[in-house]
Amino acid sequence: MPIYEYSCAGCGQTFAHLWRSIQAASAAPAPPCPACASPETQRILSPVAVLGGMGGLTPGEQAAASAQATRQASITPKAQIDSLRQSKAGKEAP
Ligand SMILES: [Zn+2]
C-alpha cells in the first residue's frame, strides 16, 4: 500500500495518506487536510516510506544530509568500533 505525502495550501500542514493501491491514489482526488479540512491539498512528490523524517528538505538537501550521515558513520573512531565488535562478539559467543 503506497503512502503519499501531501501539503495543504490553506494552512501549510503536511500529512501522509495511506492508499489501498497505487490505482486508488491516482484515480481519487487528493485527500482533504486533516488539520483544517481544506480540499486544497497537493501531493508532494516524495514517498514518505523512503524519506520519512526529512520533511521540509528538497531532494538535493536530503541527498546531502544522507551523504553527511554516511560520512559521519564512516569516521567512527576505530577504538569505538573495536569495542562495539567485542561487545557484540561477547554476546554471540556461547
Ligand atoms: Zn490545512
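Visitor: Leaving aside its neighbours within four places in sequence, which residues is Cys8 in contact with?
Guide: Cys8 touches Gln13, Cys33, Ala35, Cys36, Ser38, Glu40 and Thr41. Contact means that two C-beta atoms, placed from the backbone, lie within 7 Å. Before we go on, this is a predicted model: local features need pLDDT of at least 70, side-chain atom pairs count only at pLDDT 80 or more, and totals for chains, interfaces and linings use all residues. Residues are numbered from 1 along each chain as its sequence is written.

Visitor: What's pLDDT?
Guide: It is the predictor's confidence in each residue, from 0 to 100.

Visitor: OK, and what does the chain average?
Guide: The average pLDDT is 80. At least 70 is reached by 73% of the residues.

Visitor: Which elements have the lowest and highest mean pLDDT?
Guide: Helix α2, residues 48-51, has the lowest mean, 49. Strand β2 has the highest, 94.

Visitor: How many helices and strands are there?
Guide: The chain has four helices and three strands. Both are DSSP runs, numbered from the N terminus: helices are H or I with at least four residues, strands are E with at least two. Along the sequence the pattern reads β-β-α-β-α-α-α.

Visitor: Back to Cys8. Is it buried or exposed?
Guide: Cys8 counts as buried, because it has 21 C-beta neighbours inside 10 Å. The cut-offs are 20 or more other C-beta atoms within 10 Å for buried, 12 or fewer for exposed, and partly exposed in between, with C-beta atoms placed from the backbone.

Visitor: How much of the chain counts as buried?
Guide: Of the 94 residues, 6% do.

Visitor: Where does Cys8 lie?
Guide: In strand β1. That strand covers residues 3-8. Its covered face has Tyr4, Tyr6 and Cys8. Its uncovered face has Ile3, Glu5 and Ser7.

Visitor: What is the strand order in the sheet?
Guide: The order is β2-β1-β3, in an open sheet of three strands with antiparallel pairing. β2 and β3 stand at the edges with a single partner strand each, so one side of each has no neighbour in the sheet. The twist averages 40° from one strand to the next. Axes here are lines fitted to C-alpha atoms, for helices over the stretch in contact, and angles run from 0 to 180 degrees between N-to-C directions.

Visitor: What counts as pairing?
Guide: Two strands pair if DSSP finds at least two bridges between them. β1 and β2 (residues 14-18) have five bridges. β1 and β3 (residues 41-44) have four.

Visitor: Which residues sit opposite Glu5?
Guide: In β2, Glu5 stands opposite Ala16. In β3, its bridge partner is Ile44. As for Tyr4, its bridge partner in β2 is His17.

Visitor: Which residue has a positive phi although it is not a glycine?
Guide: Ala37, with a phi of about 65°. Most residues other than glycine have a negative phi. Ala37 is in the loop between α1 (22-27) and β3.

Visitor: Is Ala37 buried or exposed?
Guide: Exposed, because 10 other C-beta atoms lie within 10 Å of Ala37.

Visitor: Now Ser7. What is it in contact with, leaving aside neighbours within four places in sequence?
Guide: Gly12, Thr14, Thr41, Gln42 and Ile44. Ser7 is partly exposed, because it has 17 other C-beta atoms within 10 Å.
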